[in-house]
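Trainee: I am new to this structure. Please pick a single part and take me through it closely.

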Amino acid sequence: MTSYIIKRFIVAILTLLLIMGEVFFEVLIPFFTADMVNMIKAGESSGAMVEVLRRLVEHYERNDNMRGKIKSALSYPMVVLCFGVIAVIAALVWIIPQFQKVFDSMGAALPLPTRILINLSQGFKRWGWLIATVIALFVVWFKKWKKTPAGRLRVDGWKLKMPLIKGIVANGVYASLAFTLKTLLSNGVNVLQALKISEETCGNAVIGEALANARKRVTDGTSISGPLAASGAFPRMMTDMLAVGEQAGNMAASLEHIGMRYQKDMDRNITAFTNALEPILIVLIAAAVGFVAIAILMAVFNMSKALG
């Protein structure tokens, strides 16, 4: 409801400003992203506003679809992992102490796995608050550090190198970048402005830095593909396809092909990620739960032998 009211308020302000004679793209600047504003500006100048708005819709729907696929790929493993962690913590805090009382009353010698489990339980009950506090402080610090320029650069670099997710993140960034550049250049935005907007909206600081360096070299008259290839942040296939588009004078078509290619690669990586992560999580959680069960059963069998 609040979001609806805010949107109605923004529309009312825009309508009032347009009635007062303000230029359309200028009244959008405080409320919309730079790529949208620049495309609408180009559409107004060229008289192709309807076509620009259609391409904008396609662009944002495509990007939203890619982000949705990435989030859905990560959501299931995170839910499974959280439930596994909660189950292990519950066992250490509530279940193991009950068995410990029984074991202590019997006075029998406990096997090594059981002793490890009991020590873990006692340590967690005694120092659990400290562990939780340290983790919470680390999370708060990490979130703040991640927002700094150095932190963003480091974290985004990790995303492009981490096993399992690097294919999803990298291909998603390449596809989004290609579609953004294609949409901007197709609607009359100049190359330097398109690179600047792409740098701000690509969603990865490492890629953004490479685009910033490319923009400086393009100012000196260099092609786009050359500086991007020299940065080392982009795959050879992408820069080669971009170079072909530059030589043929049809950058938009090359960028469309690049975007489609890496979107397909991202979809394949998402499938591979989910297929690989599910059994890994199942094995890890089964190992944790299995260790708890085996440790308890070994102690029970030892007591049964002692009583027998």
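Mentor: Start with the residue classes. Ala, Val, Leu, Ile, Met, Phe, Trp, Tyr, Cys and Pro count as nonpolar. Asp, Glu, Lys and Arg count as charged, and the others, Gly among them, count as polar. Keep in mind too that this is a predicted model.

The lining of the largest pocket has 21 nonpolar, 9 polar and 6 charged residues. That is 36 lining residues. Which of them lie nearest the centre of the pocket? They are I70, L74, K159, I165 and V169. By class, I70, L74, I165 and V169 are nonpolar, while K159 is charged. The volume of this pocket is about 1,100 Å³.

Now the helices. The elements that each supply at least two lining residues are α4, α5, α6 (149-159), α7 and α12 (251-307). Which one gives the most? It is α4, with 10 residues. Let us follow α4 to its partners.

Take α7 to begin with. Two packed helices are described by the angle between their axes and the distance between the axes. The axes of α4 and α7 cross at roughly 175° and come within 10 Å. Angles over 145 degrees count as roughly antiparallel. Therefore α4 is roughly antiparallel to α7. On the α4 side, the contact is made by R55, H59, R62, N63, M66 and I70. On the α7 side, the residues are I168, G172, A175, S176, F179, T180, T183 and S186. By class, the contact of α4 with α7 has 5 nonpolar, 7 polar and 2 charged residues. Look again at I70. This residue of α4 takes part in the contact with α7, and I70 is also one of the residues nearest the centre of the largest pocket.

By the rule used here, the model has 1 cavity of 30 Å³ or more. The residues that line the cavity are R55, E58, R62, K182 and T183. Which elements give two or more residues to this lining? They are α4 (49-106) and α7 (166-186). Again α4 gives the most, here with 3 residues. The lining divides into no nonpolar, 1 polar and 4 charged residues. R55, R62 and T183 line the cavity, and R55, R62 and T183 also belong to the contact of α4 with α7.

Next comes α5. Helices α4 and α5 (residues 112-146) pack with their axes 9 Å apart, at an angle of about 120°. That value makes α4 and α5 oblique to each other. Their crossing is left-handed. From α4, the contact takes I89, L92, V93, I96, P97, Q100 and F103. From α5, it takes T114, L117, I118, L120, S121, Q122, F124 and K125. This contact has 10 nonpolar, 4 polar and 1 charged residues.

Follow α5 onward to α6. The axes of α5 and α6 are 7 Å apart, and the two helices pack at about 100°. Angles of 65 to 115 degrees count as roughly perpendicular, and α5 is therefore roughly perpendicular to α6. F142, W145 and K146 of α5 meet G151, R152, R154, V155 and W158 of α6. The classes here are 4 nonpolar, 1 polar and 3 charged.

What is its volume? It is about 190 Å³. Among its lining residues are P149, R152, L153, E199 and E200. Others include C202, G203, N204, A205, G208, E209 and A212. Two or more of the lining residues come from each of α6, α8 (191-201) and α9 (205-219). Here α9 gives the most, with 4 residues. The lining has 5 nonpolar, 3 polar and 4 charged residues. One residue ties the last two stops together. R152 lines the second largest pocket, and R152 of α6 is also in the contact with α5.

Terms used: Residues numbered from 1 in each chain as written. Predicted model: local features only at pLDDT ≥ 70, side-chain atom pairs only at ≥ 80, totals over all residues. Heavy atoms only, no water. 1 Å grid on protein atoms, 1.4 Å probe; cavity = no way out; pocket = protein on both sides within 12 Å on 5 of 7 lines; lining within 4 Å. Points joined across faces, edges and corners; volume = space filled by probe spheres on them. Axes fitted to C-alpha atoms, helices over the stretch in contact; angles between N-to-C directions. Parallel < 35°, antiparallel > 145°, perpendicular 65-115°, else oblique. Left-handed = near helix turned anticlockwise from the far one by under 90°. Contact = heavy atoms within 4.5 Å.
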